[in-house]
Amino acid sequence: MQVRFNAALTALLAAALFGATTPLAKLLLGALSPFMLAGLFYLGSGVGLALTIAVRRLLRQKPTQHDETRVHRSEIAWLAGAIVAGGVAGPALLMLGLASTPAATGSLLLNLEGVFTAVIAWVVFRENVDIQVFLGMVAIVAGGVLLSWTGGAAGVPVGALLVAGACLCWAIDNNLTRKVSTNDAMVIACLKGLVAGPVNLSIAHLTGAALPSAGQAAAAMATGFAGYGVSLVLFVVALRNLGTARTGAYFSVAPLFGVALSLVLWPAMPPIVFWCAAALMAIGVGLHLRERHEHTHTHEPLAHTHRHRHDEHHRHEHDFEWDGTEPHTHSHRHSTVTHTHAHYPDIHHRHSH
């Protein structure tokens, strides 16, 4: 189905943008402390998206009766939890852990984010999983481990627990963000950046980090806008259409894009391990793309707000004057309906099995 392929492509593009920040961060880390760099990345994301939202409003040809940028009061707690877990606790634990953890070990441990994300989605939020999706996740994570593996007998220091804790925080962030993914993706990503940026910059200041030059700050913020901001917007859209575990699986291929860009910036013949990791990740993505989950299911009554077209899941009347423009955004209610079709655990298919 074209919609599913587009959703998977969105998740992979988010992974590509995020993965590209790793080699770019390496270029900037020589002059900036880790917390300063993380703060500038997040701040660039938040400020860049805030400006984009403002420009979007100015270019809107006519006013709308429904504010797409407003987060529903009942969802504020979910969003706050995601911001604290992923934008504050996660980066702090990562920086503290990397201070006493070998780089190779840290890279391997970062693959735990995809595992934790899927486990929480499947166990806590009861997201559907079948054997093909599970094997696809295994292949992608195996590829990530292989890509990060450098051999040797380096042990796992205590700091590695902090890195694992950071991965757990980001996994919690991913699952909580899914709860608010019907909202404007730009607003969600913008709020995360505007909160996480100042927090990380404050930590950098308290730890005595040197202030960056104007050029360094601009470069870091521009990188953060693309690699953290635009990437997160695409990630939220993918969450809306694919569910958490599947989006997390696609996003787990980000290191592959990072290594590929590194080979462009620092030309070298890709080692055999790169091609083996790429093959494993390709197999995993292929298994996910081939998934076909279809059964008779019942949609319970549901009321929410998101951008939509009038399709088999949106057969409602409007309580305002509508000119027929699609897609459009407004609060709407779904009635109970039972039918059969192939689907993902998206915002309309979070039913039990």
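The structure is a predicted model in which residues are numbered from 1 along each chain as its sequence is written, local features need pLDDT of at least 70, and side-chain atom pairs count only at pLDDT 80 or more. Totals for chains, interfaces and linings use all residues, while side-chain values use heavy atoms, with hydrogens and water left out.

The protein chain holds 12 helices and four strands; helices (H or I, at least four residues) and strands (E, at least two) are DSSP runs, numbered from the N terminus. Of its 353 residues, 48% count as buried. Here buried means under 20% relative accessible area, exposed over 50%, and partly exposed in between (1.4 Å probe, protein chains only). The protein chain exposes about 17200 Å², with 67% of that area supplied by carbon and sulfur atoms; accessible areas come from the Shrake-Rupley method with a 1.4 Å probe, and for residues only the protein chains shown count as cover. Contact means heavy atoms within 4.5 Å. Among contacts in the protein chain between residues at least 6 apart in sequence, 86% join residues at least 24 apart.

Two helices can be checked against their expected span, which is 1.5 Å times one less than the number of residues. For helix H7 (residues 159-178), the 20 residues should span 28 Å, and the end C-alpha atoms are 29 Å apart, which agrees. H7 is mostly covered, with 16 of its 20 residues buried. For helix H11 (residues 254-265), the 12 residues should span 16 Å, and the end C-alpha atoms lie 17 Å apart, which also agrees. The buried residues of H11 are Ala254, Leu256 and Gly258.

How does H11 pack against helix H12 (residues 272-289)? The two helices meet at an angle of about 145°, with their axes 11 Å apart; axes are lines fitted to C-alpha atoms, for helices over the stretch in contact, and angles run from 0 to 180 degrees between N-to-C directions. On the H11 side, the contact is made by Leu256, Val259, Ala260 and Leu263, and on the H12 side by Phe274, Ala278 and Met281. These residues divide into seven nonpolar, no polar and no charged, where Ala, Val, Leu, Ile, Met, Phe, Trp, Tyr, Cys and Pro count as nonpolar, Asp, Glu, Lys and Arg as charged, and the others, Gly among them, as polar.

Several individual residues also deserve a look. Arginine 126 is in the loop between helix H5 (112-123) and helix H6 (131-148). Arginine 126 has a positive phi of about 55° although it is not a glycine. Most residues other than glycine have a negative phi. Arginine 126 counts as exposed because its relative accessibility is 65%.

Proline 301 sits in the loop between strand E1 (294-299) and strand E2 (302-308), and its 49% relative accessibility makes it partly exposed. Leaving aside its neighbours within four places in sequence, proline 301 is in contact with His334 and Thr336. The C-alpha atoms of proline 301 and arginine 333, 32 residues apart along the chain, are separated by 7.1 Å.

Threonine 325 lies in the loop between E2 and strand E3 (328-334) and is partly exposed, with a relative accessible area of 41%. Alanine 50, in helix H2 (residues 34-59), is 141 residues from leucine 191 in sequence and 8.6 Å from it in space, C-alpha to C-alpha.
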